[in-house]
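Reader: I would like to go through this structure and ask what the terms rest on.
Author: Go ahead.

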Amino acid sequence: MFGPPGCGKGTQASKMVDKYNLCHISTGDLFRSEITGKTALGMEAKAFMDKGELVPDSVTINMLKLKMQSLPDVNGFIFDGFPRTIPQAEALDNMLQEMNEPVSKMISLKVRDEELVKRLLMRGEASGRADDLSEDVIWNRVRVYNEQTLPVASHYQKQSKLVEINGEESIEAVFGEISRILDSL
Ligand code: AP5
Ligand code: MG
């Protein structure tokens, strides 16, 4: 699942887990659980997340590798919020090649910047998620996405794996589109 902060990656991933018995791996959720546990990794990540910056690639890739090694047998994985840079995409491709299970599709949810900021400010009020509380931090996340993460879409487009969906439809309508893609795999 690919797209800017607030586009609906997590919302759609949890619906996919229910319907298709897939394992959802969100690097953002993994970092937040490390922060809750007050681990050294969590403290390192928090310094970046609070500013809306990316956590360094080496830290992120190592955490993901450990997570993948600990997982049970499932029909497949949904990566949410990973990869976010070209080095992360290359690391993932290499890891999956070793398992003989390449990325099947990149599903990209397109949402305008103003709508993203509106959604995240609303969620910040309801949930108190730390990086949703300041409009400046939210805009920085959007900027970081546009500058550092968007090139990852071209990486998978070159492999003919990119599918773009309008993420401004209702949650159910977006899920309908995603289901059609997964059913075709
Ligand atoms: P991460 O946790 O991945 O956050 P994010 O990318 O900023 O995205 P969000 O989780 O905020 O949004 P989402 O797309 O999941 O949308 P959601 O479904 O929640 O990353 C956080 C931080 O961790 C990063 O900034 C970085 O510091 C670090 N990090 C994580 N991964 C990293 C990596 N690989 N490398 C380096 N650093 C990394 O929906 C949002 C809201 O919109 C919800 O309230 C939802 O109800 C609502 N909504 C959803 N769909 C719709 C719809 N169709 N219509 C109306 N509302 C909707
Ligand atoms: Mg999310």
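Reader: What volume does the largest pocket have, and what makes a space a pocket?
Author: The largest pocket of this predicted model has a volume of about 1,000 Å³. On a 1 Å grid over the protein atoms alone, a pocket is an open set of points where a 1.4 Å probe fits, with protein on both sides within 12 Å along at least five of seven lines. The points are joined across faces, edges and corners, and the volume is the space filled by probe spheres set on them.

Reader: Which residues line the largest pocket?
Author: The lining has 47 residues, and nearest the centre lie Pro5, Gly6, Lys9, Arg129 and Arg141. A lining residue has an atom within 4 Å of a point. H6 gives the most, six residues; helices are DSSP runs (H or I, at least four residues) and strands are runs of E (at least two), numbered from the N terminus.

Reader: How is the lining of the second largest pocket divided by class?
Author: It has 22 nonpolar, three polar and three charged residues. Ala, Val, Leu, Ile, Met, Phe, Trp, Tyr, Cys and Pro count as nonpolar, Asp, Glu, Lys and Arg as charged, and the others, Gly among them, as polar. For the largest pocket the classes are 16 nonpolar, 17 polar and 14 charged. The second largest pocket has a volume of about 710 Å³.

Reader: Why are Cys7 and Cys23 called buried?
Author: Buried means under 20% relative accessible area (1.4 Å probe, protein chains only). Cys7 is at 3%, so it counts as buried. Cys23, at 13%, therefore counts as buried as well.

Reader: What makes a set of residues a nonpolar core, and how many residues has the largest?
Author: Such a core is a set of buried Ala, Val, Leu, Ile, Met, Phe, Trp, Tyr and Cys residues joined through side-chain atoms within 4.5 Å. The largest has 28 residues, with Leu92 and Tyr156 among those with the most contacts inside it. A second, separate core of 21 residues includes Cys7.

Reader: How were residues numbered and values computed?
Author: Residues are numbered from 1 along each chain as its sequence is written, and chains are lettered from A and ligands numbered from 1 in the order written. Local features need pLDDT of at least 70 and side-chain atom pairs 80 or more, while totals for chains, interfaces and linings use all residues, and side-chain values use heavy atoms, without hydrogens and water.

How values were computed: Buried means under 20% relative accessible area, exposed over 50%, partly exposed in between (1.4 Å probe, protein chains only).
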